[in-house]
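Here are my notes for a first look at this model. Please keep the sequence and the structure open side by side while you read.

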Amino acid sequence: MTDTSPYDLEALGVSKNFGSFSAVKEVSFDIPSGSFFSILGPSGCGKTTLMRMIAGFEEPSGGDIRIKGKSVLGTPPNRRNVKMVFQHLALFPMMNVYENIAYGLRCNGVGAADIKRKVQDVLERIALPDVGEREIHQLSGGQKQRIAIARCMVLDPDVLLLDEPLGALDLKLREAMKIELKLLQHQFNTTFVYITHDQSEALVMSDNVAIMNQGEFEQIGTPQELYHHPKTAFVAGFVGDSNRWSGVVKASDATGGKVETEQGLPMSFSSAGEAAIQEGSKVNIFVRPEFIRTVRAGDADQLAETGDNRMDGIVDSLLFNGANSRILVRTGSGELVEADVTLTGDNDLKPGEDVHLVWSAKQAMCFAEQGTA
Amino acid sequence: MLAQNKTTPFLIGYRLYVIAFFIFLAAPLISAGAFAFNDSLFPALPWQGFTLDWFFGDTEPKLGMFHDRRLLQGLYYSFVIAIFVAALSVFVGTTNAFLFVRGEFPGKNFFYILMVVPLVIPGVILGISILVLASDTANLFEDRFDLELEFLRPGLLLVVLGQFSFIATITSLVITARLKKFDDTMEEAAFNLGASRARVLRTITLPFLRPAMIAAGIVAFLVSFENFNTTLFLVGSEAPLTITMYDRMAKVGSTPVLNAVSFFLMVGSGLLALLSIVVQRDKSSG
Amino acid sequence: MQNKDIKRLSLILLFAPFALWIILLIMLPHIGMVILSLKEKVAPRVYQYSFANYLEFINEPIYWNTLLRTGSMSLLVTALALLIGFPIAYYIAKIAGPRSRGGLFLLCLIPLWVSDLIRAFGWILLLRETGVISNFLLWTGLVGAPVEFLYNDVAVIIGLTYTVILFMIVPLVSTLDGMDNSMIEAGYNLGGNGFTVLRRIIIPYAMPGIVAGCIVTFMLTAGSYLTPILLGGKNSSWFTEQIYNQFITRFNWEGGAAFGMLLLLFTSLVIWLGLKLSGQTLANTVAKS
């Protein structure tokens, strides 16, 4: 253990069992100073338990948690310099904004003059300099959010934990707060650990994201890595949308191979997972809708520059959503495939048209099936 | 709604019924209060003109309540008893709320029912059972150790304990309901911000409970003030107001000074009840 | 672990006031009363255990008649309170506009804060021979001479119903308030008429409130002392009066304790039956109100 750790927060094989149920299994990670780190996973994956262990509300059953290089096991929550923004913010309704922010300072025995200066300072940094005397119920959703962050940041924490704080906001405000949180993190230059089940929150804001599933970390990486190079089938399926086929590998080498899907269609892929895939093993193939090109059955010349995979089908329905429009294509074997399309309003695809779907082997992510996945 | 596809006469009838009910509700209170201002020696019609003598008169036969030593003394004892009962009941109600909302222990449901039971025991029985136990204990000490434990004889202490024995249930229910609404993450947030356990209790949890504690205290105060059944058996020489009034009614018969006391009590408890409602509509409940 | 010790300690500290209260003021006094009721005075300051006090109750028809009378009149008052109170509670919870609702509810509560004594006093002033109603009837010429409305069973029943009806209305309003209006609308929508909606939807939903109200009302009525005595006069024969007579007038504590136990057993039995018949428990009725 060194005195000056480059990491603000480290977890070494942290586990937590509730009776015979293990909520968190041997999780390890380290977060460099000043970065925005997200833990993304479906509800019930153990991410909240992990966060409560970092904050000190739960004791780990095994492993170690270090803040600035020092183990905090046995340190009570009110002695850890890890502050937390709660899911429903937990602002104190019996105090005004000023008293909410001053609360932690008072607990630390800071002098009255210093409290005043620090509270005013942090209010200015969150661009709400004049709300000190307001009551909590007079604030808007976004303001409450910022006060909850300010209440923690005024204590100059080593790490700020955020437990799905945007969950209660409406969609529009949530989009705005995503950007604001990222800016606030830059401004305070403090390590943020953000917990969410919303992938777009995690992808937009984070420097690094950990994907958590059933108490384990599946993969840690930058948002781009997770999206384009998922290491497991779970990550591929959980991050972003994809079409999924099950099949058996017919041919395989170091760079990729060929698969026959359950529907009997051939499909080529490039290796995506860590281990090379054996011939004859059962696999899942994921293809993202934006990598599938849709070509009208008549436009044969466009097919010249096609990728390695091709499927024919009939447009089943259009899912119009502006720039994110999509079509559902029913293929010959009866399944529905999603593909992104650009709809210009002029000569667009219509339900019932015959189309070809084409994509490159590079965009087909293949993972060996594990047990009963 | 029930009256939705009924004809309008039904609704009119319904309204008349509701109005009649409220007249029924108000009538005895109005008659008890109004005769306090009748310039007559008897609380009865005909109306003899307006007077405040039954409040402030200082000579017989129209001795006003504020110059009637016995009534004032009763008022004083009622006040002292009610203050102690309210303080004790709020304290125990608060610990009970924490016990039943936060505590985990075997037989919790059984104990919770035990907590509610005093409310359904007739007040007369609470009175005599406590009287019996206190007297038995006092007699025991007298016989065995030759000690006269005066406080176990009927008197202020027994009245306070007797009233407390069932009023504590009321305060416990009120404060428990409030504590159940408490968002536990608020305490965690305070811990997280560096507060000690005692400080969290003092600055977060108790302030949250304060409206319910005040309201429970007012309810306890009022119920104690108006209690008769339990008090009747436990009272010593220091008779609270209800007992004094009852004695007066039984011995002297109804006189307008009793109307004056009634009016005074109605206004006082009305104001206190209103206060308890205002306190409960406090901002932090939203 | 240290944390566990703190938890255990605080649990014990919280349990202590509860235990002191329940044991010292509820359990021990009642045990003491049972023991006392089983004692018989055989000579001055000499007692022996026997059922003599209970036997006296059985052998003396006036005693058990009084208890039966108290019980049946209490049931009648409870039923009246429910019949009169339910439409009022329904009006407050479902029909009144949102603004008048709070006001009406408050109006209902005001008599709650006024002593039994004052309420009974008010009724006396209204009902007696020289009272307001008698005078009013004289004035209208409906009667030729003053009428005494006081000192009969009807006066007692009116006074008792008045005293306890609030304890019926309050739990009813809070349960009906929690009922979703769309449930009633769905009942009509599916073809029910006013009566079936009331019987099949509203009353079953309000059952915990009804039972809670009935229990409290019955207990208060059976245990009331002032109202029957003041409004019923000398021959009100209420059972609590017998207890008082045994204790205070005749100084027969053993007999008074036995009577107290009988009243407690009798009322508990009625409540137990009520809970059994309605399929409710004490915890989800009274404890909630």
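1. **Where to be careful.** A contact means that the C-beta atoms of two residues, placed from the backbone, lie within 7 Å. Where pLDDT is low, the predicted coordinates should not be read in detail. Chain B as a whole averages a pLDDT of 84, and 94% of its residues score at least 70.

2. **Ground rules.** This is a predicted model, in which local features need pLDDT of at least 70, side-chain atom pairs count only at pLDDT 80 or more, and totals for chains, interfaces and linings use all residues. Residues are numbered from 1 along each chain as its sequence is written, while chains are lettered from A and ligands numbered from 1 in the order in which they are written.

3. **Chain B, overall.** Chain B has 11 helices and two strands. Helices (H or I, at least four residues) and strands (E, at least two) are DSSP runs, numbered from the N terminus. The order from the N terminus is α-α-β-β-α-α-α-α-α-α-α-α-α. The C-alpha atoms fill a box of roughly 75 × 70 × 35 Å along the principal axes.

4. **Chain C, overall.** Chain C has 12 helices and two strands. Its C-alpha box is roughly 85 × 75 × 30 Å along the principal axes. Of its 289 residues, 44% are buried. Buried means that 20 or more other C-beta atoms lie within 10 Å of the residue's own; exposed means 12 or fewer, and partly exposed is in between, with C-beta atoms placed from the backbone. Among contacts in chain C between residues at least 6 apart in sequence, 70% join residues at least 24 apart.

5. **Where B meets C.** How many residues of chain B are in contact with chain C? The count is 69, and they touch 70 residues of chain C. Helix α1 (residues 8-34) of chain B gives the largest share of the chain B side, 11 residues. That side divides into 50 nonpolar, 16 polar and three charged residues. Here Ala, Val, Leu, Ile, Met, Phe, Trp, Tyr, Cys and Pro count as nonpolar, Asp, Glu, Lys and Arg as charged, and the others, Gly among them, as polar.

6. Look at helix α11 (residues 239-249) of chain C. Its buried residues include Phe239(C), Ile243(C), Tyr244(C) and Phe247(C). Their cover includes α5 (123-145) and α9 (229-234) of chain B, together with α3 (61-95) and α12 (253-278) of chain C. Just after α11(C), Phe251(C) takes a positive phi of about 50°.

7. **The sheet in chain A.** Six strands of chain A form an open sheet with mixed pairing, in the order β6-β7-β8-β3-β9-β10. Strands pair if DSSP finds at least two bridges between them. β6 (82-85) and β10 (216-221) of chain A stand at the edges with a single partner strand each, so one side of each has no neighbour in the sheet. Strands β3 (residues 36-40) and β8 (residues 191-196) of chain A run parallel, joined by five bridges. Phe37(A) stands opposite Val193(A) in β8(A).

Definitions and conventions
pLDDT = per-residue confidence, 0-100.
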